[in-house]
Amino acid sequence: MSSTEHGVPVVHDVAVIGAGPAGLSAALNLVRAKRTVLLVDANRPRNAATLRSHGFLTRDGISPLELRKLGRTEVEGYPEATVVQSVVDLVAPDADTDTWRVHGSWRGTELEARARTVVVATGLREEFPSLPMLRAFYGTAVHSCVECDAYDKAGQPLAFICETDDVVDRALLIAAWTDDLIVYTNGVAPLDDAGRARLAAAGVVVDERVVEDLEGDRTGMTGVRLADGHVEPRTGGFVRPVWHADLDWLRTSGNTTTNGDTPESLEGLQRDTQGLLVVDRVGRTSVPGLYAVGDVTPPGPEQLIVAAGHGAATAAAVHRDLVGGLADLRDAVQ
């Protein structure tokens with residue numbers, strides 16, 4: 001797809017990269033502000049394995065895929081919207097035209113587009129502990145979002161598999177829904193005496209042995225199998241993934257590499273220690289004309305309704321900034 005009209009490139013007001021709740025909400029509110037929006041969706045949602053989403057007002061229990069479908073249909077209903085499926089491999093500012101270049105491809109179809117502003121809403125990639133059966137139970141018996149799914153696990157014998165240094169705080173949060181919780185550090189997550197004492201005071205059991213796998217069948221998860229052969233009966237639980245923000249496609253220029261092999265990162269773009277995009281309260285990044293919403297911004301993964309709210313707030317900011325002129329923003333976002 002090439003955004004051209006009579007040989008002249010079409011410049012969209014906004015390119016929204018990503019069509020989860022944050023990106024869809026941003027796109028919907030922007031088209032209702034009469035902004036021309038290019039919504040680019042790779043259709044690779046992080047929550048694809050989840051059967052039901054919770055906590056989204058009027059949509060509690062809906063499939064996250066259905067929620068995305070409904071949102072995309074709403075956006076596509078506006079003439080100001082152009083919705084395409086593509087995997088973006090380049091977003092870069094073009095100083096000569098004062099626009100952003102957006103490039104991608106999907107099944108042999110190339111995307112080449114221009115936009116005055118860009119909203120990054122691509123979310124995160126999850127990296128799970130290396131347990132062969134984890135994926136089989138993820139989204140049904142095992143979840144990552146406590147606020148979303150703990151209600152349906154209340155009172156059950158649960159496992160929490162965590163290899164990161166926030167193990168204590170996350171375990172205590174889960175323990176609010178059950179008094180039968182075992183934390184599995186897999187021999188990796190760091191625990192000091194103070195952390196062990198906090199968990200013990202809450203009635204949380206800690207097992208620091210190596211986990212070999214989860215057990216169960218088509219009816220569900222039945223237990224956690226340790227490397228020494230012991231199997232602890234568990235009906236479900238939670239896992240703490242490590243999240244990665246894959247943003248190599250945000251570059252300073254349209255050049256694909258520097259010195260032949262290294263992508264040239266977008267100059268001046270601030271990221272935190274986890275690699276998430278640093279933004280102000282309405283989604284402005286440190287680069288004028290570039291915004292970010294949803295899980296790709298601190299603090300990371302949040303409930304769908306929160307992400308949608310962020311998308312709406314950022315859409316309002318983008319519209320106001322376009323009205324006022326992006327050149328005035330440089331001092332505000334540095």
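Predicted model: local features only at pLDDT ≥ 70, side-chain atom pairs only at ≥ 80, totals over all residues.
Let's start with the cysteines.

How many disulfides does the structure hold? One. C145 and C148 form it, and their sulfur atoms sit 2.5 Å apart. Look along the S-S bond. The angle about that bond is 65 degrees, and the link of C145 and C148 is right-handed.

Are these two cysteines buried or exposed? Buried counts as under 20% relative accessible area. C145 has 19%, so C145 is buried. C148 has 15%, so C148 is buried as well.

Now C162. The closest cysteine sulfur to that of C162 is in C145, and it lies 15 Å away. That is too far for a bond. C162 is buried too, because its relative accessibility is 0%.

On to the sheet. Three strands build an open sheet, and they run in the order β14-β15-β16. The pairing is antiparallel. Which strands stand at the edges? β14, residues 211-217, and β16, residues 231-233. Each of these has a single partner strand, so one side of each has no neighbour in the sheet. From one strand to the next, the twist averages 30 degrees.

What holds strands of a sheet together in general? They pair through backbone hydrogen bonds, parallel or antiparallel.

Zoom in on one pair. β15 covers residues 220-226, and it pairs with β16 over three bridges, in the antiparallel sense.

Methods: Residues numbered from 1 in each chain as written. Heavy atoms only, no water. Disulfide = S-S within 2.5 Å. Buried < 20%, exposed > 50% of the residue type's maximum accessible area, 1.4 Å probe, protein only. Pairing = 2+ DSSP bridges. Helix = DSSP H or I, 4+ residues; strand = E, 2+ residues; numbered from the N terminus. Axes fitted to C-alpha atoms, helices over the stretch in contact; angles between N-to-C directions.
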